[in-house]
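Biologist: Hi! Could you walk me through this protein model?

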Amino acid sequence: MDARYCKKCGELLNGLTRTCPVCGATQEDADTTRQAASLNPTHTRQQDCAHEGHTAGSSRSVTFPEAMRLFFARYADFKGRSRRSEYWWAALGIGILGYIIGEVLPDLAWIWSLAVLIPCMALCVRRLHDTGRSGWYYLFILLPVVGQILLLIWFCGDSTGTNRWGPNPKA
């Protein structure tokens with residue numbers, strides 16, 4: 001059986017899925033085989049890969065609004081990759097929002113912390129995937145000082161080429 005790809009975003013679909021797990025697009029027919037690859041052999045996805053925060057063949061960085069949209073759109077997505085710009089813009093936005101909420105509603109700031117806990121972990125795991133490391137390395141955060149420094153160094157690192165978590169989002 002040939003691989004099937006989403007008609008809207010080009011994401012690889014599993015089995016007989018009728019909707020894309022990434023963009024939510026409904027797949028009308030079962031013949032969505034390798035359409036993206038036939039359109040552009042240098043990229044296996046369609047031109048707009050908005051769920052990954054990049055455009056095919058573009059090495060442009062993710063903008064602040066795109067990073068914030070992707071942060072919430074990929075709420076609990078621990079698969080795939082996140083570019084360095086997506087990670088740092090989202091970290092800045094979430095930090096600023098957290099500060100504002102803490103100042104305006106200090107008694108409810110813990111709700112914000114709980115609301116962003118899972119997406120923050122997912123973003124960190126996707127960032128580790130982008131640098132070629134397993135998401136399990138995120139557990140280094142439990143190591144006092146050394147773990148946080150090591151993760152910071154890895155999060156600052158550049159994307160690796162195509163790896164087991166997908167193609168290089170910069171390519």
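This is a predicted model: local features need pLDDT of at least 70, side-chain atom pairs count only at pLDDT 80 or more; totals for chains, interfaces and linings use all residues.

Biologist: What is the mean pLDDT of the protein chain?

Modeller: The mean is 79, and 71% of the residues reach 70 or more. pLDDT is the predictor's confidence in each residue, from 0 to 100.

Biologist: And where does pLDDT stay under 50?

Modeller: Over residues 30–57.

Biologist: Switching to helix α2, which residues are buried?

Modeller: In α2 (residues 64–73), the buried ones are A67, M68, L70 and F71. Buried means under 20% relative accessible area, exposed over 50%, and partly exposed in between (1.4 Å probe, protein chains only).

Biologist: Why are they on the same side of α2?

Modeller: Because they cover an arc of only 165° around the axis, taking the directions from the helix axis to the C-beta atoms. The face turned away from that buried side carries the exposed P65 and A73.

Biologist: What covers the buried residues?

Modeller: The cover includes α3 and α4.

Biologist: Which element gives the most to the lining of the second largest pocket?

Modeller: That is α4, with seven residues.

Biologist: How does that lining divide into nonpolar, polar and charged?

Modeller: It has twelve nonpolar residues, two polar and no charged.

Notes:
Residues are numbered from 1 along each chain as its sequence is written. Side-chain values use heavy atoms; hydrogens and water are left out. Contact means heavy atoms within 4.5 Å. Helices (H or I, at least four residues) and strands (E, at least two) are DSSP runs, numbered from the N terminus. Ala, Val, Leu, Ile, Met, Phe, Trp, Tyr, Cys and Pro count as nonpolar, Asp, Glu, Lys and Arg as charged, and the others, Gly among them, as polar.
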